[in-house]
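The reader may wish to keep the structure in view while following it.

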Amino acid sequence: MAALALTGCASSGTGEATIQGGEASLVLPDLGTVTIMGGGSGRTLLLIGLLVCVLGIGFGFVGYQQLRRLPVHQTMREVSELIYSTCKTYLVQQGKFLLMLWVFIAAIIVVYYGFLADFTWGRVAIVIAFSLVGMGGSYAVAWYGIRVNTFANSRVAFASLDGKPLEMHRIPMKSGMSIGMVLISIELLMMLIILLFLPHDIAGACFIGFAIGESLGASVLRIAGGIFTKIADIGADLMKIAFGIKEDDARNPGVIADCTGDNAGDSVGPSADGFETYGVTGVALITFVLLAVDDPAVQASLLVWIFAVRVGMVIAAALSYVANDMWAKAHYAKAERMNFETPLSSLVWVTSAVCIASTFLITYVVIGETLADNGMWWKLATIVSFGTVAGAVIPELVKVFTSTHSKHVREVVKSSRQGGASLNILSGLVAGNFSAYWLGMAIVGLMGGAFVMSEQGLDALMIAPAVFAFGLVAFGFLCMGPVTIAVDSYGPVTDNAQSVYELSLIEDVEGIEDELKREHGIDVQWDKAKQMLEENDGAGNTFKATAKPVLIGTAVVGATTMIFSIIISLTDGLTTGMENLSLLHAPLLLGLITGGAVIYWFTGASIQAVTTGAYRAVEFIKNTIKLDAGATKASEADSRKVVEICTQYAQQGMLNMFLGVFFATLAFAFVEPYFFIGYLISIAVFGLYQAVFMANAGGAWDNAKKIVEVDLHAKGTALHEASIVGDTVGDPYKDTSSVALNPVIKFTTLFGLLAVDLAVSLVDQGMQTLVTVLAAVFFLVSVYFVHRSFYGMRIQTSLEDDSMDDQDHTLPTDDGTASSVDRPATALEPAGAGESR
């Protein structure tokens with residue numbers, strides 16, 4: 001614990017304790033002093049950026065209105081509105097849950113800033129208020145995302161009826177760009193308001209509060225959404241094996257929950273995650289600049305440059321989308337078939353090229369004169385461009401392992417022919433492991449290039465220029481922000497479109513062909529429509545997979561910058577205690593080992609929540625599904641019950657995991673600061689490879705099933721059953737565990753800033769014994785939730801219970817013993833629910 005005393009903000013020169021408040025006490029320089037090429041001021045340039053943000057939001061809302069006005073058959077609209085209705089119910093419950101968890105964060109903020117730091121209660125209120133703003137922003141864009149996507153899903157389903165593929169591509173692309181532009185523009189608008197209009201001495205507190213809030217929102221919505229969607233997906237998919245029914249059979253009450261889950265996991269989660277990623281990366285760079293750069297003039301120039309580049313990227317993304325859409329329209333207007341992946345790939349590459357050109361132009365204009373020495377402007381632009389290139393290269397690498405045209409995915413199918421589900425799963429694991437190697441090498445190569453460039457004179461401006469370069473690589477990853485979000489959002493729309501088509505039972509509507517011809521001029525082609533919906537879903541699966549490594553890569557590279565901020569604070573600007581950053585300092589090494597343990601617990605706990613929830617969902621569906629001759633579709637009540645099961649298990653699993661991470665962060669920050677540094681580095685590295693492996697293995701299994709269904713037309717065969725089993729294994733891999741690691745890494749790192757400052761402050765006031773006791777207490781509380789994440793969530797039936805129809809089932813009580821309840825109660829009651837209610 002002696003190392004705690006090494007922090008530069010811990011004590012004054014007289015030895016008397018003075019608490020500074022860490023990063024929340026940072027003061028922004030005067031941005032009005034920055035002069036850009038041509039004589040304008042930096043502040044004026046950023047004010048123009050505010051206008052660009054407003055236009056970006058307008059761009060998104062125009063797309064939203066266009067989607068609403070697209071033609072759709074009433075049967076399809078009814079299904080999409082039912083999906084939206086269940087999504088609303090889910091989000092309302094998650095909103096209440098978020099506020100409950102926010103209380104924990106607010107309590108830490110009050111204790112540290114209100115009682116230990118030299119903050120007035122007004123400044124404490126600012127941090128708390130902006131944590132609510134950040135959390136509210138994540139929540140609001142998530143809500144917007146599901147509204148746009150549930151408009152688009154039925155429109156895509158309807159567009160398939162005329163047998164032309166172009167509109168089936170353009171609609172989900174438009175919905176994705178609407179979400180991407182609104183998300184990025186709102187986040188950037190909020191940060192520019194803090195930067196431009198709030199007093200410089202409170203901006204640091206505003207940024208930290210904002211980042212903590214949006215990180216909390218993203219963590220909760222990503223974790224819970226990932227659990228929800230895979231419970232529903234597995235529950236619906238297993239019915240195909242159990243009863244030999246078709247995909248998205250309207251009689252299956254799990255299908256509506258699956259559609260809701262597509263939005264909860266693949267729209268709500270990524271929207272909140274994307275919002276938080278851009279905010280936290282920006283805060284990390286701001287913090288670094290203020291801590292590592294001594295000259296206020298250089299600080300101001302770099303901050304103006306960073307935000308000017310971000311504004312330019314919004315414009316670049318919009319222009320790239322419009323140009324790519326015009327190309328796709330010209331190329332495929334009369335096409336009868338198309339590869340849906342082609343225009344998505346071209347959009348990513350076009351945006352990357354435009355963003356790189358924009359980066360160099362803006363950098364030259366903003367700092368070409370003020371940082372002219374040694375060509376600093378083009379060196380910084382080049383470093384950012386390494387990240388922008390990564391945003392295009394990484395999706396291409398991911399496609400090698402997850403696309404329906406991939407040799408790895410086809411290997412999964414070939415393995416399944418003779419080896420069934422066993423070899424299907426093994427081949428998917430191979431794809432995931434190989435992908436982790438190649439993506440890891442790509443990220444290291446690009447970061448290595450940034451490091452080499454940082455050695456070309458950046459040390460004249462700042463300490464540790466390599467760390468700043470790594471932060472700029474993460475920043476470059478995000479330069480294509482609206483497009484990255486758009487191609488990710490493409491997936492849930494195409495997935496839902498296929499389900500909406502089947503659930504609408506439009507083919508059974510009396511006189512439907514004459515109606516479509518009379519009112520819409522459509523000569524309907526039913527078989528072709530279903531084939532194209534399947535193919536478009538395959539493209540959506542691929543590009544959902546491509547966005548995951550971009551976000552996790554950003555989290556890891558950006559976390560490097562944030563960790564360095566903690567190190568600067570602990571070492572008084574890298575002047576004291578540097579020996580503690582050596583592997584010879586035992587706490588650092590122990591922290592490195594500890595991080596891996598937490599990552600593996602977290603992935604196991606998330607899969608456990610899916611496993612138990614899916615068990616209960618399958619149990620309920622088997623007991624309620626009606627497949628007799630007169631049955632046409634499941635009742636709305638049964639469908640909503642399945643949604644309720646998914647929601648309950650999602651919240652239960654998320655609560656255990658979030659509180660386990662929350663108290664682990666506090667415990668390890670209180671153990672010893674350099675132990676915590678090792679821990680943060682470890683979760684970033686372990687998390688990167690675990691997430692990439694799981695995401696791409698899952699993507700390979702998912703599209704292997706799609707090949708069996710679309711290319712081989714082998715539904716209902718043993719090969720199809722094997723591919724379904726592989727897909728259900730991959731579901732929690734790719735959409736629960738892997739994606740949740742991204743916000744968890746960022747939340748832990750960001751909240752760690754506060755936790756370390758809190759521990760240092762207590763020790764500096766002579767409370768070292770208290771800190772040691774609190775570390776032990778926090779660790780025990782964390783272990784309780786780790787224990788509960790399995791033993792409170794496990795399946796409580798006996799091994800001999802083969803017939804699920806006439807048996808009673810048990811649920812754990814508060815003391816861990818089992819209590820017997822009858823079947824109607826257990827169908828909707830999550831294991832361990834008694835512990836949290």
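At roughly what angle do the axes of helix α4 and helix α7 cross? In this predicted model, the two axes cross at roughly 170 degrees and come within 11 Å of each other. Helix α4 comprises residues 166-197 and helix α7 residues 296-332. Angles over 145 degrees count as roughly antiparallel, and α4 is therefore roughly antiparallel to α7. The contact of α4 with α7 comprises 17 nonpolar, one polar and six charged residues.

Helix α7 also packs with helix α1, which spans residues 42-69. Here the axes come within 10 Å and cross at roughly 30 degrees, so that α1 is roughly parallel to α7. The crossing of this pair is left-handed. On the α1 side the contact is made by Gly42, Leu45, Leu46, Gly49, Val52 and Phe59. On the α7 side it is made by Val304, Phe307, Ala308, Val311, Val314, Ile315, Ala318, Tyr321 and Val322. By class, the contact of α1 with α7 holds 13 nonpolar and two polar residues, and no charged ones.

A further pair is formed by helix α9 (residues 376-402) and helix α14 (residues 526-570), whose axes lie 8 Å apart at an angle of about 130 degrees. The two helices are therefore oblique to each other, and their crossing is right-handed. From α9, the residues Ile394, Pro395, Val398, Lys399 and Thr402 meet Thr542, Phe543, Ala545, Thr546, Pro549 and Val550 of α14. Seven residues of this contact between α9 and α14 are nonpolar, three are polar and one is charged.

Rolling a probe the size of a water molecule over the atoms shows where empty space is left. The structure holds 15 cavities of 30 Å³ or more, and the largest cavity has a volume of about 150 Å³. Which residues lie closest to the centre of the largest cavity? Of the 19 residues that line it, these are Asp233, Glu247, Asp495, Asp537 and Lys705.

By class, the lining of the largest cavity consists of 16 charged and three polar residues, with no nonpolar residue.

Terms used: Residues are numbered from 1 along each chain as its sequence is written. This is a predicted model: local features need pLDDT of at least 70, side-chain atom pairs count only at pLDDT 80 or more; totals for chains, interfaces and linings use all residues. Side-chain values use heavy atoms; hydrogens and water are left out. Axes are lines fitted to C-alpha atoms, for helices over the stretch in contact, and angles run from 0 to 180 degrees between N-to-C directions. Helices (H or I, at least four residues) and strands (E, at least two) are DSSP runs, numbered from the N terminus. Angles under 35 degrees count as roughly parallel, over 145 as roughly antiparallel, 65 to 115 as roughly perpendicular and the rest as oblique. A crossing is left-handed if the near helix is turned anticlockwise from the far one by less than a right angle, and right-handed if clockwise. Contact means heavy atoms within 4.5 Å. Ala, Val, Leu, Ile, Met, Phe, Trp, Tyr, Cys and Pro count as nonpolar, Asp, Glu, Lys and Arg as charged, and the others, Gly among them, as polar. On a 1 Å grid over the protein atoms alone, a cavity is a set of points where a 1.4 Å probe fits but cannot get out, and a pocket is an open set with protein on both sides within 12 Å along at least five of seven lines; lining residues have an atom within 4 Å of a point. Grid points are joined across faces, edges and corners, and a volume is the space filled by probe spheres set on the points.
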